[in-house]
Amino acid sequence: MAYTRRSLSAHVHGSTVPHRSVHFVFFAAAFIFMTYQETIDYLYARLPMFTRIGAAAYKKDLHNTIALLNAIGNPQQQFKSIHIAGTNGKGSTSHMLAAIMQTHGYKTGLYTSPHLVDFRERIKINGEWIDANFIIDFTEQIKPVIEAIEPSFFEVTVALAFAWFAQQKVDIAVIETGLGGRLDSTNIITPELSIITNIGWDHMNLLGNTLPEIAAEKAGIIKPGIPAVVGEYLPETKTVFVQQASNCNSSLVFAADAFSIAKVASTPQALSVSLHNNATDETISLTTDLGGLYQQYNLRTVYSSCLALQQAGWPLQLPLIQEALQAVKQRTGLHGRWEVLRTSPLLVLDVAHNVNGMQQVLQQVQYWQQQYSGMQVHIVMGMVRDKDIDHVLTLLPKEYHYYFTQAQLPRALPAPDMQQQAAQHQLHGPAFTQVNDAIAAALQAAQPQDLVLVCGSVFVVGEVDRNRWEML
């Protein structure tokens, strides 16, 4: 039966948020209404949450997701979608594509994870966070199912996102996988296009100990008859994607084969790339407000995806694609990807947290060292316990200045432990239990021409006090 909750006001960050009526196909029950913060606290406390406890929260099947979506009328069947997986770059790629669809006039949903500061960042429509009261309503109504099947935090969040997109009648939603692909909770959709950005070493304890094994998990988002785009690949992973696409009778494009990167130009706040179409011999230019050099590969994947969407019937136009890419942050609210907070010294935030991501960020750092003679590099760094910390540490130059810190969550490696582990790689520096204390120390030690980079964990970046440090 249709059930509409009575109006209420929720207290969010000290302000009153007006209620919007919501409707679910569900069953009536007696509810005790919570505020937004109480609702989020309930979800955090009641449900296994991967970002807090790690692998113990990972559910290796889709049964709970299917049960949740059945309970609320399978909202994922009510909107079109684009599905994105990959070891790195899937967040940037998701935001770029969302910006492109918005700029073409489509009402565009965007689901990503994790969030940096507020849970609502995970679920957006045209760059606007999900309504706080909808979260309250949804949680109240689905509590009996939560109590019965004990889903994970991520499973509930996926159901919440799909219900919001359906209720708001989005034209299309860009959906980022949480972990892997084949068994990820988002892999319940039948999208217009499946995209895999790249394959690298991450979550080996859950996805596999070889790159082909990891690739097979990511390739699990390729669906029968649905076109697919793969951004970067390795010789040992290419055959995995070819086989999966063949099994599904799906067209497959490798962006790295379709386009060569002819020219790259970078500033701290922007990146320009010329892509050479290897089939037509044409060259197109794209500029994005995401300044990291590594975005050149995501731009290539995004443009290849736009061409695939054109072939699938979406009338995307190059001028609007170019316009959208120049304002990704403005249109979608993306943070934490080579995000510049100040320029003297250069203070940058980046969520790089695994081997591939750190390699890309270090290339960017070395690029800027070449641009500015005498630039010293100060790295504020914290990681979570279940990452390949030793392998990441082997990548870091011994001559950089280090400030070890930790996010405030159980998975975080304590700063003194991080300091001790780094010392085994001849990386030395003080330890700080608070992220912003570490940033303060780094900025105090840095000269105006230096670079201060905050990295190692999404959660470390999420604890940065932007109001305190931002000074472009």
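Biologist: How many salt bridges does the structure hold?

Modeller: The structure holds eight salt bridges, a salt bridge being a side-chain nitrogen of Lys or Arg within 4 Å of a carboxyl oxygen of Asp or Glu. Please note that this is a predicted model, in which local features need pLDDT of at least 70 and side-chain atom pairs count only at pLDDT 80 or more, while totals for chains, interfaces and linings use all residues. Residues are numbered from 1 along each chain as its sequence is written, and side-chain values use heavy atoms, with hydrogens and water left out.

Biologist: Which residue forms a salt bridge with Lys80, and why does the pair tie together parts that are apart in sequence?

Modeller: The partner of Lys80 is Glu192, with the closest N and O atoms 4.0 Å apart. Lys80 lies in strand E5 and Glu192 in the loop between strand E9 (172-176) and E10, so the pair ties together parts that are 112 residues apart in sequence. Helices (H or I, at least four residues) and strands (E, at least two) are DSSP runs, numbered from the N terminus.

Biologist: Are Arg182 and Glu217 buried or partly exposed?

Modeller: Buried means under 20% relative accessible area, exposed over 50%, and partly exposed in between, with a 1.4 Å probe and protein chains only. Arg182 is partly exposed at 41%, whereas Glu217 is buried at 13%. These residues form a salt bridge, the closest N and O atoms being 3.1 Å apart. It links Arg182 in the loop between E9 and E10 to Glu217 in helix H8 (residues 211-219), 35 residues apart.

Biologist: Which residue forms a salt bridge with Lys238?

Modeller: Asp257 does, with the closest N and O atoms 3.0 Å apart. Lys238 belongs to helix H9 and Asp257 to helix H10 (residues 255-258), 19 residues apart. Lys238 is partly exposed at 26% relative accessibility, and Asp257 is partly exposed at 36%.

Biologist: What is the order of strands in the open sheet of eight strands?

Modeller: Two strands pair if DSSP finds at least two bridges between them. Here the order is E8-E7-E6-E9-E5-E10-E11-E12, with mixed pairing. The edge strands, each pairing on one side only, are E8 (128-129) and E12 (252-254). Within the sheet, E10 (residues 193-196) and E11 (residues 228-230) pair in the parallel sense over three bridges, and Ile196 stands opposite Val230 in E11.

Biologist: Which strands does helix H11 touch?

Modeller: Contact means heavy atoms within 4.5 Å. Helix H11 (residues 295-311) packs on the sheet and touches E5 (80-85), E10 and E11. For directions, axes are lines fitted to C-alpha atoms, for helices over the stretch in contact, and angles run from 0 to 180 degrees between N-to-C directions. The direction of H11 makes about 165° with that of E10. Helix H9 (residues 235-247) lies across E10, E11 and E12, running at about 160° to E12.

Biologist: At what angle do helices H1 and H5 pack?

Modeller: H1 (residues 36-46) and H5 (residues 132-149) pack at about 35°, with their axes 9 Å apart. Residues in this contact include Ile40 and Leu43 in H1, and Ile135 and Ile146 in H5.

Biologist: What is the order of the five strands in the other open sheet?

Modeller: The order is E16-E17-E20-E18-E19, and the pairing is mixed. Its edge strands are E16 (339-343) and E19 (401-404).
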